[in-house]
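Trainee: Could you take me through one part of this model close up, the aromatic ring pairs, and then show me how the rest of the chain is laid out around that topic?

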Amino acid sequence: LTGHQGGTTCVAFSPQGDLVASGGVDKSVRVWEVESGHARFTLDHADAEVLSVAFRPDGRALASGGRGGRLRIWDLEDGAEALSAHGDSPFYWRVAWSADGETLVCATGDHGLRRVNSRTGDALAPGNTTDASVFFVTASIDRRRFFSLSLEGAGRIWKFDKPQEAFKLDGLTKATCAAWHPDGSIIATAGPDGVIKLWDAQTG
């Protein structure tokens, strides 16, 4: 699939598997039809390069974030911009949806982890976390929990509906990426030391 001018920074499949979205350094988001390879939408992110794209669980909307400090949500019926929210962070490194599509969690680098109302763009309590420099977030398969990583080495598991009850993985040092087991029982982390670690997602 070609079309971005310059590097591509992120990709994501739709829940139904019929679309794939990509973001690039050319400040655009593209939504592709998997079967035909046709670009259904080319979306202008405008501010700066795109760092993250994520489909809403029902597949009818797409969130994008990046440099420039603006979070956008796109209606995939017509490609229209449904929401443009500007926070106090210059970056949106990663974004992830809750199961009901009402909440987005955003890794915003030095401004920590943010929870955002996907309809209004308003920040939700408890706002920032105790960790600075959160650069990675990923939702569990059922989207009831999410996992964050910070540059300080902290990895935390959160509940979308009870974000105050996060717990930290004991013994995690420097990890750069993570993935959930399909049943939500295990989290795998990996980093520059070349070691992949498996963690009990219930106890840490």
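Mentor: Here is a walk through the rings, then a sheet, then the whole chain. A quick word on ground rules: this is a predicted model, where local features need pLDDT of at least 70, side-chain atom pairs count only at pLDDT 80 or more, and totals for chains, interfaces and linings use all residues. Residues are numbered from 1 along each chain as its sequence is written, and side-chain values use heavy atoms, with hydrogens and water left out.

On to the rings. The structure has three aromatic pairs; rings of Phe, Tyr and Trp (its six-membered ring) pair if their centres lie within 6.5 Å, and planes under 30 degrees apart count as stacked, over 60 as edge-to-face and the rest as tilted. Phe-91 and Trp-93 make a stacked pair, 5.0 Å centre to centre with 20° between the planes. The pair of Phe-146 and Phe-160 is tilted, because the planes sit at 55°, with the ring centres 4.8 Å apart. That pair links distant parts of the chain: Phe-146 belongs to strand β13 (residues 145–150), while Phe-160 is in the loop between β14 (155–159) and β15 (167–168), 14 residues apart. Strands here are DSSP runs of E, at least two residues, numbered from the N terminus. Ring pairs also bring in Trp-158, giving a cluster of Phe-146, Trp-158 and Phe-160.

Buried means under 20% relative accessible area, exposed over 50%, partly exposed in between (1.4 Å probe, protein chains only).

Thr-138 is buried, with a relative accessible area of 18%. Leaving aside residues up to four places away in sequence, Thr-138 touches Phe-146, Phe-147, Ala-178 and Trp-180; contact means heavy atoms within 4.5 Å.

Now for a sheet. Four strands make an open, antiparallel sheet in the order β5-β6-β7-β8, where two strands pair if DSSP finds at least two bridges between them. β5 (50–55) and β8 (81–86) are at the edges with a single partner strand each, so one side of each has no neighbour in the sheet. From one strand to the next, the twist averages 15°. Strand β7 (residues 70–75) pairs with β8 in the antiparallel sense over five bridges. Arg-70 has His-86 in β8 as its bridge partner, and Trp-74 stands opposite Glu-81 in β8. The two strands, β7 and β8, form a hairpin with five residues between them, and Gly-79 in the turn has a positive phi of about 80°.

Finally, the chain as a whole. The protein chain has zero helices and 18 strands. Its radius of gyration is 16 Å, close to the 17 Å of the globule rule for 204 residues, so the chain is as compact as a globular protein of that length; the radius is taken over C-alpha atoms, and the rule is 2.2 Å times the number of residues to the power 0.38. The C-alpha trace spans about 45 × 35 × 30 Å along its principal axes. Of the 204 residues, 48% count as buried.

Note on methods
Axes fitted to C-alpha atoms, helices over the stretch in contact; angles between N-to-C directions.
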